[in-house]
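Hi everyone, thanks for coming. Let's have a look at the structure together, and I'll talk you through a few places in it.

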Amino acid sequence: MSSILIVDDNADMRQYVRKILDKEPNWRISEVANGKAALDRVRVQPPDMILSDVMMPIMNGFQLISNLKMNSSTASIPVILLSGRSGDQGKVEGLDAGADDYLVKPFSAQELLARVRTQLKIGRFRSSLERKVRRRTLELINANEEIVKSETRYRTLSVFSPVGILHTDLHGNMQYVNEQFLKIVGLDNIEDASRKGWRRTIPPEYDQILNEWFETPHKTKDLQFKLEIQFLNQHLHKHWGLLQSEPIMDQHQPHISGYVFAVSDITERKNLDKERMEIIRKAEAIQLKRARDAERHQRQQERFVDMICHEIRNPLNGIINNVDLLLSSVKDRRNSPAQSESAYKQLLEDEEATEAIKVCAQHQLVITNDVLLLSKLEAGLVHLNKTPFDPVLMTRSVVGMFSAEARSKNINISFEFSPEMKNHQNLIGDPNRISQVLINLLSNAVKFTSNSLTREIFITVSLFQQQLDVFLKFSVKDTGLGMTEEEQSNLFKRFSQVNTKSPQLYEGSGLGLFLSKSFVTAMSGEMTVRSSPLKGSEFSFTVKTEIVQMPTTECPKKEIKTKQYFSNLERAQKDRKILIVEDNTVNQRVLQRHLTSNGYSCKIASNGLEAVQLFEANWVKPKNTETPFDLVFMDMEMPVMGGLEAVGRIRALERERGHPVMVPIVGLSGNAREIHINEGLAAGMQMFLTKPYQKDQLLKTAQQLISQFDALRHLGD
C-alpha cells in the first residue's frame, strides 16, 4: 500500500486529483491545503509521495521542497509539482528547486497516473538503495572498527584512496586529510590545510554555502552534504570536484562528533559536458547554415528555371507565330488557280516543311512546360484550385482537342460515362489539373496508337463512393504498342521513357507521367496501369471530389444576330490603335503582322521608356484628353526600362490627366510562374499572355479588351 499526500489550496483541484488517484486500489490518499500543513503531516507520518501545487498561501511548493530536503528523513520523498505555469522556465525552476517531476495544468488523468506510478517506483528503489547504502555503511563502520582504532592502517588506506578524504570537527576544523584531497582541491601541503585552511581554494560563493551549513545545528540540517565546486589554487589552475559529507557518530554517546568529507575529481566529466555543449552549439550553427544555404539554392534554382524558360519561350514565340504566317501565305498561294503544277508541288513541300517546324516548336514548348511544372512541384508552389465543374463537359472538351489529330491518323476515339454520372453533373475539384492529367494520357495514347493495325482509344468516366469520400475515375484504353513489366516498373519515374526504340518521330521529356501522378496524388487519388506488349495499355486514375447539388434553372435564350455581330466586330477593329512594346525585332514584326492583317493600326516601341515617351508626347497639350492608344501589348523583360516600371509610369500619367478609364495593357513574358503573372496584374495590367502564344489567343484578347475599353468609355460619357 503506497501513501500519497496531495497539497493544494484549491479544494476543487484536490478533489479532482484525488478522484483520479482513487482509481488505484493500492494507493492511500490524503490531502492538505498548504505547504505548512503538509510539512507538519510529513513529520508525523511521512508519505511515499507528495503531489504539490506551486503557488499556495503560508508556504508555497518551492518552500515545502526546501524544508523537505533539509531533513535527511524526508529528503528522499519524491515530489511532483503541479503548476499552471507552462514553458521551459517554469519547469527548470521546479526541477532546480528539487522537484522530481513537473506537470503543467491542465493535465490528463493518464499522464498523471503514469508519472505517479513512475515516481513511486523510483522512490521505492531509492529508499531500498538508501537502506542498503546505510546498512552497508554501518557494516563497513562495524567491520572497520579496528581500522578506526589503528591510525596507521587508516592512514595507509587513505593514502592509496583515489578519493580525497577530509576529517573535520563540528565547526569545520581539519583533523585529518589525505594527499589525494590536497591534490584535488589544489593545496601544496598539509600545513596549507591546517584548521580551516583547506577551504582557501574554494571560491567565495561556494565557501559561503559551507559556512551556512556548518553554522546550522545538525538536528535541523541535511547531514549528507553534496556540492560541486570549482577549486582555484594559488597557481590559478581550476579543478572541479564533487564534495560530499557523512557525519561521524561518537562511539560512546549518541551524538555527532564530526564529519568526513570525500571529494572526487570530476574535472574530466565537466570538460566533456562543456565539449558536448560546444558540439551541440556548433551542430545547431551548421544546421542553420545548411538551411540558409538550401533556401538560397532554392532561390537560385528558381531564377535559373525562370531564365531558361524565358530564353526558350522567346524564340519559340517567333518560330510558332512566323510559321502561322507562312502557313497562311502558302495555303493562299496553293489555292490560287494561277499556280503551275511545279509551283503547286513546291508549295506543298514548303507547307509540309513549315508544318514540321511548327510541330518541333510545339514539342519544345511541351518540354519547357514540363520542366517548369517539375520545378514548381519540387518547390511546393503547385496548389489546387477547387471549383465546381461538370466532368462530362470537361471530358468532352479534352477529347475535342484531339479530334482533328485523331482523324488525320485514322484513330477512332470513343468515350462512355457511367449511369451515376447523370445524377451528379456538378462536382467540386480542380478541373484544370484533372484536364492536364487526362490530356497527357490521351496524348500518349494517340502517339503510341498511330502505327498500330487497329487504332482505337476508349475513355470511360465513372463515379464511386469510398466510405464518406466521393471519387471520380478516368480510364484511357488504347490498342497501341503496349509495355513489358520492366518498362512499367520505371513508368512513373522522372525523365523515364518507354518504347525508346520504337519509330516515334518525337520523344517526350520523360516528365509527363511523373507530373500526372504527382497531381493525382495531390488530389488524394491513385494512378495505375495495365499493359501487355502489342496488346495496348490502359491507364486509370482517381481523384477525390465533392458532390454539389446545384439548382437547375433554364436560362432565357437570346437571339444572336450574326450579321450585326460581324458588322460591330469590323467597326471595332477598324482604325484601332495598338502599341506594341517589345525589344525583340522578330516578335515585333510577328505581332504587327498578325494585328495589321486583322484591321488594327500598330505602333512599335523598343522598350518601356519609349512607350512612356509616346504617351507623354500625346498628352503634352493641356486640352488633349484622348488616350493615344486603344490597347498596349507590353513585354516584361526589356533593356532601358522594363514592363513593370513602364506600366507604373503610364498609370501615373493617366491619373495626372484625370482619365476615368485606363487603357488596357496586356503583359507578355516567357516567365510562366504565378508570381510573375501576379506582379504584372498588381502593376496595373489587365491580362497576361505567356510566350509563345497562339494567333487566335492574341486576336481574341485584343478584341475582348478593346470592346471592354469602348464600353467603359461610353459609360463615362
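Let me start with how the elements are named: helices (H or I, at least four residues) and strands (E, at least two) are DSSP runs, numbered from the N terminus. By that scheme, Asp101 is found in strand β5, residues 101–104. Before going on, a word on where this comes from: this is a predicted model, with local features needing pLDDT of at least 70 and side-chain atom pairs counting only at pLDDT 80 or more, while totals for chains, interfaces and linings use all residues. Residues are numbered from 1 along each chain as its sequence is written, and side-chain values use heavy atoms, with hydrogens and water left out.

Back to Asp101, then. Is Asp101 buried or exposed? It is buried, because its relative accessible area is 14%; buried means under 20%, exposed over 50% and partly exposed in between, with a 1.4 Å probe and protein chains only. The Asp101 side chain makes a polar contact with the side chain of Arg115, at 3.0 Å. By polar contact I mean a pair of N or O atoms within 3.5 Å; within protein, one must be able to donate a hydrogen and the other to accept it, and residues adjacent in sequence count only if both atoms are side-chain atoms.

Now to the nonpolar cores. A core here is a set of buried Ala, Val, Leu, Ile, Met, Phe, Trp, Tyr and Cys residues joined through side-chain atoms within 4.5 Å. The largest one has 40 residues, and Ile457, Leu472 and Phe541 touch the most other members. Several elements supply at least two residues each, including α12 (391–401), β14 (456–466) and β17 (537–547). Which element gives the largest share? That is α14, with seven residues. If we set aside neighbours within four places in sequence, Leu472 is in contact (heavy atoms within 4.5 Å) with residues including Phe389, Met421, Val461 and Phe541. There is also a second, separate core of 26 residues, with Phe181, Val185, Trp198 and Ile266 among them.

Next, helix α18, residues 585–596. Its twelve residues reach 16 Å from first C-alpha to last, close to the 16 Å expected at 1.5 Å a residue; the expected span is 1.5 Å times one less than the number of residues. At its start, a side-chain oxygen of Asn584 comes to within 3.1 Å of the backbone nitrogen of Asn587. The buried residues of α18 include Leu591, His594 and Leu595, and those three are among the contacts of Leu698. Leu698 itself is found in helix α22, residues 695–716, and is buried, with a relative accessible area of 0%. The C-alpha atoms of Leu698 and Leu595 are separated by 8.6 Å, though the two are 103 residues apart along the chain.

Last, the rings. How many aromatic pairs does the structure hold? Eleven, where rings of Phe, Tyr and Trp (its six-membered ring) pair if their centres lie within 6.5 Å; planes under 30 degrees apart count as stacked, over 60 as edge-to-face and the rest as tilted. Trp213 and Tyr259 form a tilted pair, 4.8 Å centre to centre with 55° between the planes. Trp213 lies in helix α9 and Tyr259 in strand β10, so this pair ties together parts that are 46 residues apart in sequence.
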